[in-house]
Amino acid sequence: MNRTAPEGYTSVAPWVVTDDTGALLDFVAAAFDGEELARVPVEDGSVGHGEIRVGDTVVLAFDRRPDWPVMPSLLRVYVPDADAAVAAAVAHGARVVTEVSDSAWGDRGGRVRDPFGNIWWVVSRHEEVAPDEAWRRMSEPRYAEAMRVAQQTLDAELSGRETGLASPPRRPNA
């Protein structure tokens, strides 16, 4: 396949629209070891374009106009140490949505809501798990409970309900 994206960029790039892109770039740099690539102010003082590299992905951002709807993003970020990254995010103003736990498929992660309303699924890979083994593990109480908590906490956060909804995953027909 021929490369379609410029060097250093991926084929799909997330855009985050926020009320304070400068502060978002600072948060991502501090919490997830991001490397700021661009911060372009426009005539009215807002940020018209920002870019920050996290791992192998460039996250793009710009300031929301007053008459645009609030558009929080849902983002997954792989980091070397999910526990440390969640702690760093909290130290820089994020709030825990889902406590860090281990998954059946070999990741360790949790969710935070950043000061701008975006939800980050902060994950580190700690073991390679074959798909059949991951599905087998889903029946183990600790992994089933971690999945239930992950679903409930996200649903509660997004819906505004006190208790979120959860439903056990069903393996697709093989």
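A search of the whole structure, which is a predicted model, finds 5 aromatic pairs. One of them joins Phe27 and Phe32: the ring centres are 5.9 Å apart and the planes stand at 90 degrees, so the pair is edge-to-face, the cut-off for that class being over 60 degrees. In general, such a pair is described by the distance of the centres and the angle of the planes. Phe27 counts as buried because its relative accessibility is 4%, and Phe32 counts as buried at 5%; the limit for this class is under 20%. Phe27 and Phe32 also belong to one aromatic cluster together with Phe116 and Trp120.

Attention now turns to a loop. Ser73 is located between β4 (57–63) and β5 (74–78). With a relative accessibility of 12%, Ser73 counts as buried. Leaving aside residues up to four places away in sequence, Ser73 touches Trp15, Val16, Asn118 and Ile119.

The last element considered is helix α4, which comprises the 19 residues 141–159. At 1.5 Å a residue, α4 should span 27 Å, and the 26 Å between its end C-alpha atoms agrees with this. Within α4, the buried residues are Tyr143, Ala146, Met147, Ala150 and Ala156. An α-helix has 3.6 residues a turn, so residues three or four places apart point the same way. Just after α4, Gly160 adopts a positive phi of about 85 degrees.

Terms used: Residues are numbered from 1 along each chain as its sequence is written. This is a predicted model: local features need pLDDT of at least 70, side-chain atom pairs count only at pLDDT 80 or more; totals for chains, interfaces and linings use all residues. Side-chain values use heavy atoms; hydrogens and water are left out. Helices (H or I, at least four residues) and strands (E, at least two) are DSSP runs, numbered from the N terminus. The expected span of a helix is 1.5 Å times one less than its number of residues. Buried means under 20% relative accessible area, exposed over 50%, partly exposed in between (1.4 Å probe, protein chains only). Rings of Phe, Tyr and Trp (its six-membered ring) pair if their centres lie within 6.5 Å; planes under 30 degrees apart count as stacked, over 60 as edge-to-face and the rest as tilted. Contact means heavy atoms within 4.5 Å.
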